[in-house]
Structures are given as structure tokens and as C-alpha cells.
Amino acid sequence: MYALIRRSSAIVGCKLQFSRTASTFTAPIINDTGLYGYSHLKTAKGFQRFAEDAIERSTELLNHISSMPSAPEIIRKLDEISDTVCSVIDAAELCRHTHPDREFVEEASRASSRLNNFLHYLNSNQSIYKAVLKAENEGDSLTDEGKRAAHFLRNDLENGGIHLSPERLDQVNQLNTEIVQLCRKFSTNIVTDPGHVDIFPASRVAKPWRHLVKPIYQVPKDISEGSNWCRDGKDEKGFRLVTSPSNLQHVLQCVSDAEVRKMAYVQGYSSPHENITILDKLIAARHEFAQILGYKSYSAFALHSTMAASPEVVISFLLEMSKVVRPKADKEFKAIKEFKRIKNCEQSIDLEPWDEGYYTWLMKSSAYNMNSLAVTSYFPLERCIEGLKILVESLFGVTFRHIPLAPSESWHPDVIKILLQHPNEGELGYLYLDLKSRMGKDPICAHFAIRGGRWVSDTEYQLPIVALVCDFSCPKSTSVMLNQQEVETLFHEFGHALHSLLSRTEYQHFSGTRAVLDFAETPSTLFEHFALDYRVLSTFAKHYSTNDVIPKELVKSMVEAKNMFSATELQRQIFYALVDQTLFGEQPSSGRDTMSIVADLKQQHTSWKHVDGTHWHTRFNHLTNYGAGYYSYLYARCFSATIWEKICKEDPLSPATGSALREKLLQHGGAKDPNDILNDLVGNGITRTRGKGVIPDITCLCNMLEL
């Protein structure tokens with residue numbers, strides 16, 4: 001909603017030639033005396049000064065813009081304001097999720113809140129709006145990227161209601177503030193109120209978990225609260241299982257006791273209860289916000305500047321996908337049900353939602369002789385980081401150089417800092433890696449842009465700085481070993497990082513992942529394919545003790561096991577996207593019961609039953625940060641499947657593949673129309689027009705999943 005900050009907007013195509021010499025690139029000033037290299041952040045209180053200086057500098061730039069300079073000057077100065085404000089908000093956001101010092105977290109939150117309030121002022125400022133209109137009208141003096149920036153700035157300002165009457169603008173600003181607060185409360189509740197079940201005796205779950213690797217699985221560490229319990233006057237050992245999302249996933253997959261799985265499922269998906277009311281308020285606030293701006297629904301508002309362009313296009317795409325996937329999903333459901341019947345030696349049996357994870361894992365293990373220890377033994381975290389290094393060097397000729405961290409620059413001893421370099425182009429950007437779980441760190445896997453890239457002058461480029469944060473854990477006194485899903489997650493987040501680090505945009509407004517919502521996940525989803533290709537894995541996946549290269553047959557089994565229930569998983573993603581679209585679609589005057597909506601959609605579009613009283617959507621955080629945009633993951637899966645088939649599959653490590661990806665996809669960030677980027681990369685056919693919008697061609701994805 002912020003005109004001057006585009007965390008998920010498209011990146012503009014820039015005329016940078018990669019033949020420029022290293023001297024052309026100048027690294028941003030990175031002081032080693034403060035957090036992330038910012039000299040302000042030597043102490044937690046430095047966030048206050050950081051925010052004050054950003055506001056002071058932005059006000060100076062605003063005064064200059066108010067004098068109505070030339071169109072190029074207006075856009076450059078507005079981009080500098082965006083860069084200045086982003087530097088505080090993005091640093092604060094990373095700090096809030098990762099810093100072990102509570103004082104730093106609290107000061108970061110205060111700084112972020114202060115800058116968000118300042119953004120409301122900027123986005124309501126008529127001088128900025130008039131200047132943007134002037135720049136757009138004088139577009140002949142702008143580069144193509146500058147014209148795109150002027151258009152998006154004007155569009156985003158109007159999305160904030162700047163063109164409305166003062167009274168209506170005040171309403172919009174109040175609703176904006178309410179929406180931010182509701183989203184934050186929704187997210188906080190997921191962490192603070194995950195629900196729990198008390199298990200007696202502990203042996204009901206302890207035994208199957210003894211053979212698993214990660215400490216999150218081990219009973220009393222991490223997921224238990226007081227190992228010794230007494231019940232009914234009996235000295236009976238048990239424990240309290242906190243049904244956080246990660247713990248719940250492990251229970252549903254690993255515990256053989258069906259009653260324990262049921263208790264965990266029902267309790268986990270009935271928490272946090274408060275989020276039912278918060279979601280109702282969020283839906284109402286977003287709907288009112290959209291209607292003030294002239295849209296039928298929040299979904300219509302959120303999608304009007306995306307590739308899809310409208311809810312009607314998205315819904316038609318999702319219904320088409322649902323129809324295509326249903327036959328195979330039903331077939332998979334019947335196979336799971338039959339496996340359960342045979343496993344339990346019964347004539348007939350019902351298949352419950354809490355059975356899915358457990359029996360599909362057993363079926364995969366049985367069919368492909370899969371052993372979780374056998375897989376993880378080839379993926380020590382250090383080797384996986386080496387794999388990322390080998391991949392970028394093979395594709396792009398880019399090298400990793402580990403940079404020593406000053407104690408005050410780093411927020412934890414586990415953090416690694418890497419400089420990406422090219423032999424001809426010099427320094428390309430900086431990457432922080434914070435990949436291990438720890439107490440006090442949010443259990444997330446995410447890409448954070450600390451600073452976007454932009455041309456400061458004709459000869460000086462501000463290098464991007466990003467951080468990858470993951471939650472990979474390990475038992476004490478052993479190294480971190482990743483399972484297959486975690487390797488894919490690491491490659492996914494690294495795809496985001498490469499999008500940021502290798503983009504070369506004129507304005508940071510379009511740097512890296514700051515692209516339209518339904519395009520931004522394409523590079524990250526594409527890099528998941530590299531994590532499943534034997535030619536890539538064989539370059540780094542080696543046994544932690546013998547150093548033997550991962551067997552080709554094991555990789556084949558990994559891929560086949562992953563795809564064994566691909567229709568069921570794809571059906572689930574379609575269902576999630578339909579829930580998202582429906583909740584934020586047109587609203588009846590009488591209001592709606594979100595629990596009933598979710599139950600009806602599950603019955604219509606999945607093969608699985610709904611459990612009365614549960615409300616999994618109240619812990620589905622994408623409803624807040626991807627409101628009406630969750631479909632974008634499916635767009636990205638279709639786009640990336642086509643790119644992999646057409647560009648990467650023949651030789652995923654070749655410089656020719658890397659050159660195509662870098663010059664036609666990654667370098668543009670959000671600065672160019674994504675439809676043009678995709679068709680230039682792959683050729684016509686990767687997208688189809690539908691009404692005023694664009695949808696992906698689903699052929700390659702369907703072929704890949706044998707739908």
C-alpha cells in the first residue's frame with residue numbers, strides 16, 4: 001500500500017551492459033561498526049537516530065521536489081526518499097525477526113512504527129503527487145524505466161487515496177493504520193497462542209521419534225514443557241505438546257498413534273481462536289478501504305496492477321487448475337485409503353485429515369526405500385552453502401568471498417557474510433546468511449532486502465545487500481543436516497537473493513524482488529528445480545563421514561517420492577488460493593462466516609473432509625501479507641516449470657543457461673513488464689491472455705506432474 005516502498009513490486013528493465021568494468025561499480029559505504037554495517041546501529045538506541053536522520057534527509061528531498069524540477073530529477077529524488085526510508089524499515093524488519101537482544105528488537109519496532117507513520121505523511125503529500133503527475137506528463141525526458149517508475153508511483157499514490165477529498169483520504173489513512181495493526185496482531189497470535197495438548201503416557205509419541213534427527217522431534221527438547229506429569233494421583237510420565245505449525249507437521253507425519261495425531265490436529269487447527277475475530281475485522285477493513293477507492297472488493301484493488309489484472313481472471317485460472325488436478329488427486333486419495341486399510345488389517349476404513357501426513361510418508365518410504373537419515377547424511381549445511389557457491393560460479397561466473405564480520409555488525413555468531421564478485425564486473429552485492437535455529441529467533445525461512453541496488457550517478461552503483469534467514473536445527477554437538485524439503489527451501493530463498501543481487505536497475509524502487517506480486521516468486525521457484533537435479537546435487541551433496549557423492553538412485557527416489565502425491569499437494573495450494581480470493585472478494589451486506597466458507601471450499605475443491613470446529617485459516621499468515629495474492633505461488637510454479645523445461649533442463653550448469661537467466665530475467669528485477677520478460681526468455685506461449693489479464697500456460701507443469 002505504500003507508494004514509496006515496493007517490497008513486492010516489479011523491477012524495471014535497465015540498459016546496464018555487463019561488459020562495464022569493475023571500476024564502474026562502487027560499493028555502498030559499509031561501516032563495520034554497527035549492525036548490518038550501518039554506523040547508526042552501534043547500539044539499540046541508534047535506531048532512533050537512524051529514523052530521525054532518514055526523516056530529516058527525506059524532508060530535504062521533499063522540499064527540493066516541491067520546487068518542481070525536471071522529470072528525471074523528480075523520479076531520482078523520489079527514489080532516494082524511498083531508499084532512505086527503506087534502509088530503516090528493512091533493517092528494523094530483519095532485526096525484529098532475528099536479533100537475540102530484546103532491546104534491539106523493541107527499538108527496531110519503534111523505528112519501524114515511526115517511519116511507517118512518516119510514510120503516511122509522504123503518501124498523503126500533495127506536493128509529491130503533483131510532482132509525479134508532472135514527471136509522468138513529461139515522460140519523453142525519462143528513460144523507459146523512469147517512465148515505468150513515474151507510472152507506478154502515480155498508481156501507488158492513488159492506491160493510498162491521495163486523489164480523494166481530504167475527508168475520504170483521512171478515512172483511508174485510518175483504515176490503513178487499522179489494517180497494519182490487525183495484520184501484526186494476527187501474526188503475533190500465531191506465535192504466542194499455538195495451542196497445546198497433554199499427552200499421557202509420553203511413550204505414545206516418544207518411541208517413533210527416537211530415530212529422527214532434528215531436535216525439534218525429540219521429546220523433551222524444544223516441544224515439551226515439564227517432562228514429568230502426574231494425573232489422577234498416578235505417577236505417570238507425560239508431556240505437553242505445543243502445537244505450533246512446525247511441531248504439528250512433525251506429529252502428523254511421525255506419530256503412529258492415531259488418537260494423538262487427531263488431538264494434535266484438532267487442537268492445532270483450532271488455535272489461535274482470537275484470530276477468527278481479527279480476520280473478520282481485517283476483511284471488513286480491507287473491503288471498506290477498497291470501496292472508498294472505487295473497487296468492488298479488496299481482491300479487485302489488490303490485483304488491478306498485477307499480471308492477472310482482476311479477480312475474475314484469477315478465479316478462472318484456479319477453477320481450471322482445480323478441474324485438471326481433481327482426477328489424479330482423487331486417485332491418490334483412494335490409494336492412501338487402501339494403504340491404510342491394508343496396514344490396519346481392516347475390511348473398510350475412513351481416511352481422516354490427520355492420516356494424510358503419516359500414511360503418505362509411510363507409502364513413500366515403502367515405495368522408494370526412503371530413509372530420512374540416508375537423505376540428510378548427504379546434506380550437511382556447510383556442503384549446501386558450498387553447493388550455492390558452485391551453482392552461481394557455473395551459471396554466472398560469479399564467486400563467493402567470505403567477509404569477516406565485525407562483532408557489532410553481526411547479530412549472532414552463526415551469521416556468515418558473503419561478497420558476490422564477477423572477474424570483469426567487480427563487486428555485485430553482499431549476502432548475510434543466518435540459517436540455524438535458536439531460541440528467540442522467529443522460526444521463519446525468508447529473504448530480507450536490507451538495501452536495494454540503484455544507480456547513484458553515471459559511474460556509481462549502490463550495491464544491494466540482502467539476508468537469508470532460515471530455521472535449520474540440529475542435535476547438540478552435531479552439524480546441521482538438511483532434509484530434502486529444507487534443501488529445496490534453501491535454494492528457493494537463494495533464488496530470491498539472486499534476483500536482488502544480480503538485478504541492475506536504475507532505481508531501487510524496482511530492485512530485485514520489488515516486482516509485481518504474481519511474478520516476484522518466479523526466480524525463487526525456478527531455483528527449487530536445481531535442488532532436485534542430480535547433475536547439480538552431485539557437485540556438492542557428499543556424505544558427511546565418507547565424502548561419497550550422493551548416489552544417482554537415491555536422488556531418483558527423492559524426486560519420485562516428492563512427486564508421488566503431487567496432485568494432492570497441488571490441489572491443496574489451489575484450495576488455499578481459492579480461500580484467499582473468496583475471503584477478500586465481494587462481500588455480502590450481512591457479512592460471512594469464514595469457517596463455513598473454508599469448509600465449503602474444501603468440500604468442493606479437495607478430496608479430503610473438513611473437521612468441524614477447526615479453522616486452519618486462522619494460522620495462515622499469507623492472508624495478511626499476501627492478501628488476495630496467494631495465487632501468485634501457482635503462477636510462479638507454472639512459469640518456472642516452463643522456464644526449466646525450455647531453458648535449464650538440458651544443461652542446468654552451463655554458462656549459456658546462466659547468461660539467459662541473468663540477462664533476460666534476473667537483471668531486470670521489476671523494472672520491465674513481466675510478460676515481456678517471460679516471453680523474451682522463453683518465447684511466446686509461456687503466458688496466455690484472458691480478458692485484460694495474463695495467466696500462465698499450465699502445460700509444462702501438468703506434464704511434469706503427470707496430470
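**Notebook: a strand trio and a helix pair**

I began in β5, where Q421 is the bridge partner of T399. This is a predicted model, so I kept to its rules: local features need pLDDT of at least 70, side-chain atom pairs count only at pLDDT 80 or more, and totals for chains, interfaces and linings use all residues. Residues are numbered from 1 along each chain as its sequence is written, and side-chain values use heavy atoms, with hydrogens and water left out.

Next I looked up the neighbours of β5. Strand β4 (residues 399–402) pairs with β5 in the antiparallel sense over four bridges; pairing takes at least two DSSP bridges between two strands. Strands here are DSSP E runs of at least two residues, and helices are H or I runs of at least four, numbered from the N terminus. With strand β6 (residues 426–436), β5 pairs over seven bridges, again antiparallel. Three residues lie between β5 and β6 in their hairpin, and L419 stands opposite Y430 in β6.

Is β5 mostly covered or mostly open? Five of the seven residues in β5 (416–422) are buried, meaning under 20% relative accessible area with a 1.4 Å probe, protein chains only.

Then I turned to the helices. I found α24 (residues 632–648) packed on α26 (residues 674–682) at about 25 degrees, axes 10 Å apart. That makes the two helices roughly parallel, a label for angles under 35 degrees. In α24, F639, T642, I643, K646 and I647 meet L678, L681 and V682 of α26, contact being heavy atoms within 4.5 Å.

Key. Buried < 20%, exposed > 50% of the residue type's maximum accessible area, 1.4 Å probe, protein only. Axes fitted to C-alpha atoms, helices over the stretch in contact; angles between N-to-C directions. Parallel < 35°, antiparallel > 145°, perpendicular 65-115°, else oblique.
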